[in-house]
Amino acid sequence: MSWIEDIISPKTRQWEEFYRNRFQHDRIVRSTHGVNCTGGCSWQIHVKEGIVVWETQQLDYPLLENSLPPYEPRGCQRGISYSWYLYSPLRIKYPLIRGKLLDIFREEKEKAGGNPVIAWENIQNDKEKRARYQKARGKGGFRRASWDEILELIAAANIYTAKKHGPDRVAGFSPIPAMSMISYAAGARFLQLFGGFNLSFYDWYCDLPTHFPEMWGEQTDVCESADWYNSKFIADMGACLNMTRTPDCHFFAESRHNGTKAVVFSPDFSQVCKYADQWVPVHPGSDNAFWMAVTHVILKEFHHNKETPYFIDYVKQYTDSPFLIHLDKEGDHYVPGRLVRAGEISKWKDIENSEWKFLNIDDKTGELVVPKGAMGHRWEKNGGKWNMKLECSESEMAFDPVLTTIKNNDGVLQTEFVEFGLDKKYSRGVPVKYIDTENGKVPVATITMC
Ligand code: SF4
């Protein structure tokens, strides 16, 4: 007899039934996880008698391009265990409120003869009572309450704030940009009708770059992750892709097969470091200083010490350096002002969205041009001009933007610059051009000069 005993008794293998049952689903539906994720991965949801029993990744993504790796497999550990959240006994299904606040509110409402607004007002005017529930924050102590009671408390608080400070002191935010304008429309509409204001969820948890909405007037223009594969150099910072972009992370790893060089900047040896050629263990909070130093080296080596055509061409086409700004008079000196708008020039004052189109000077002709690709072009009726081609959107002529007016200018104006970090002001001579606007002749300079 062998010392290895084969288990053949069906009784001792009953645990296998768990897995057999799990696969006895009635049907499969397609879905994704719209909780706090913009991944939007496609999943097969296996359902048995209305209960999610199993989830597996969909395998029918089309190939984007023959030269790119496929999207699949797409998903993450949080997603595949999502059904556990659905049926978890810990899932929050009822309103919870800090017990201390609920007790005070009930007590004050009774004293106020059942008037919730007066009750809330009395709580706010009583320092001791406010402190009682405010100091309880962070210590748990939540209690289940009814929707009616919670909604009454919220309504009373909002009415009190509007009466005392004005409705525009009431702010709300949408949880997820990718979906909340629809699914949280009631909240957004309430704020608008009430006179409050909407914040984005970025304001709440400071996730993702705030410059996206500032620059584009909309939430994240998420870059296509498959395009990472086309990169020749990837600098990863502020993101451990395995954790934060799990379904797309494979493009980062696969890009190595395409000869991509990858450098990861992070204080810890995070998971994504394993794909990188180099790990730069920056100190926490030093990212800005690091990249300012990189900018300094690029400017010094490719522009100041030796003008490099690639650098100059890039700056002309893909940055705002050639755009003209006003120099505004302030006492005996000038300060950099706002961008010059196409609508300030007589011949362009009536063009569509003229307030949102800006100006360059053509190096060949010395004439003003309206480059394509500004916000005004994005929202034009006909479209087709929201691109980075170096062409004037009005004449369709190609042009070569002026970056500097050092050699060709109409004079030099003493201009004041503020060093925000040190709270100091410096005066520098800026070579300017004078242009004719609807408001007369004004001095302007390229952003490069300021
Ligand atoms: S990234 Fe994860 S949570 Fe988000 S949709 Fe994909 S599987 Fe679901």
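Let's start with a pair of strands: β11 and β18 run antiparallel and pair over three bridges. Within this pairing, leucine 324 has threonine 446 in β18 as its bridge partner. Keep in mind that the whole structure is a predicted model.

Strand β11 also pairs on to β12, again antiparallel, this time through five bridges. Here glutamate 330 stands opposite histidine 333 in β12. The hairpin of β11 and β12 has two residues between the strands, and glycine 331 takes a positive phi near 65 degrees there. As a reminder of the general idea, strands of a sheet pair through backbone hydrogen bonds, either parallel or antiparallel.

Which elements give two or more residues to the largest nonpolar core? That core has 21 residues, and those with the most contacts inside it are Leu327, Leu359, Val369, Val444 and Ala445. The elements giving two or more residues to this core are β11 (324–330), β14 (368–369) and β18 (440–446). Take leucine 359 and set aside its neighbours within four places in sequence: leucine 359 is then in contact with Phe323, Leu324, Val340, Ala342, Leu368, Val369 and Val370. A second, separate core has 13 residues, including Trp228, Tyr229, Leu241 and Ala262.

**The chain as a whole**

Three domains divide it: domain 1 (10–86), domain 2 (225–284) and domain 3 (319–449). The centres of domain 1 and domain 3, taken over C-alpha atoms, are separated by 54 Å.

How many helices and strands does the secondary structure of the chain come to? The chain has 16 helices and 18 strands. Its radius of gyration is 30 Å, well over the 22 Å that the globule rule gives for 450 residues, so the chain is more spread out than a compact globule. Along the principal axes, the C-alpha atoms fill a box of roughly 95 × 80 × 45 Å. Buried residues make up 19% of the 450 residues. Of the contacts between residues at least 6 apart in sequence, 49% join residues at least 24 apart.

**A parallel sheet**

An open sheet of three strands has the order β8-β9-β10, and its pairing is parallel. Why is one side of β8 and of β10 left without a neighbour in the sheet? β8 (233–237) and β10 (278–280) stand at the edges with a single partner strand each, so one side of each has no neighbour in the sheet. Neighbouring strands of this sheet are turned against each other by 20 degrees on average, direction ignored. Looking at one pair, β8 and strand β9 (residues 261–265) are parallel and share five bridges. Phenylalanine 233 has lysine 261 in β9 as its bridge partner.

**Another hairpin**

Strand β15 (residues 412–419) and strand β16 (residues 424–431) run antiparallel and are joined by eight bridges. Valine 412 stands opposite proline 431 in β16. The two strands form a hairpin with four residues between them.

| Strand pair | Sense | Bridges |
|---|---|---|
| β11 and β18 | antiparallel | three bridges |
| β11 and β12 | antiparallel | five bridges |
| β8 and β9 | parallel | five bridges |
| β15 and β16 | antiparallel | eight bridges |

**Residues to look up**

Is aspartate 423 buried or exposed? With 7 C-beta neighbours inside 10 Å, aspartate 423 counts as exposed, because 12 or fewer is the cut-off. Aspartate 423 is found in the loop between β15 and β16, and has a positive phi of about 55 degrees although it is not a glycine.

Asparagine 353 is another residue with a positive phi, near 55 degrees, that is not a glycine. Look for asparagine 353 in the loop between β12 (333–339) and β13 (360–361). With 17 other C-beta atoms within 10 Å, asparagine 353 is partly exposed.

Next comes a peptide bond: the one from glutamate 72 to proline 73 is cis, with omega near -5 degrees. Proline 73 is found in the loop between β3 (51–57) and α2 (77–80).

Finally, find glutamate 121 in helix α5 (residues 116–124). Glutamate 121 counts as partly exposed, with 19 C-beta neighbours inside 10 Å. Glutamate 121 and arginine 13 are 108 residues apart along the chain, and their C-alpha atoms are separated by 65 Å.

How values were computed:
Residues numbered from 1 in each chain as written. Predicted model: local features only at pLDDT ≥ 70, side-chain atom pairs only at ≥ 80, totals over all residues. Domains from an automatic or database assignment. Rg over C-alpha atoms; globule rule 2.2 N^0.38 Å. Buried ≥ 20, exposed ≤ 12 C-beta atoms within 10 Å, placed from the backbone. Contact = placed C-beta atoms within 7 Å. Core = buried A, V, L, I, M, F, W, Y, C linked by C-beta atoms within 7 Å. Pairing = 2+ DSSP bridges. Axes fitted to C-alpha atoms, helices over the stretch in contact; angles between N-to-C directions.
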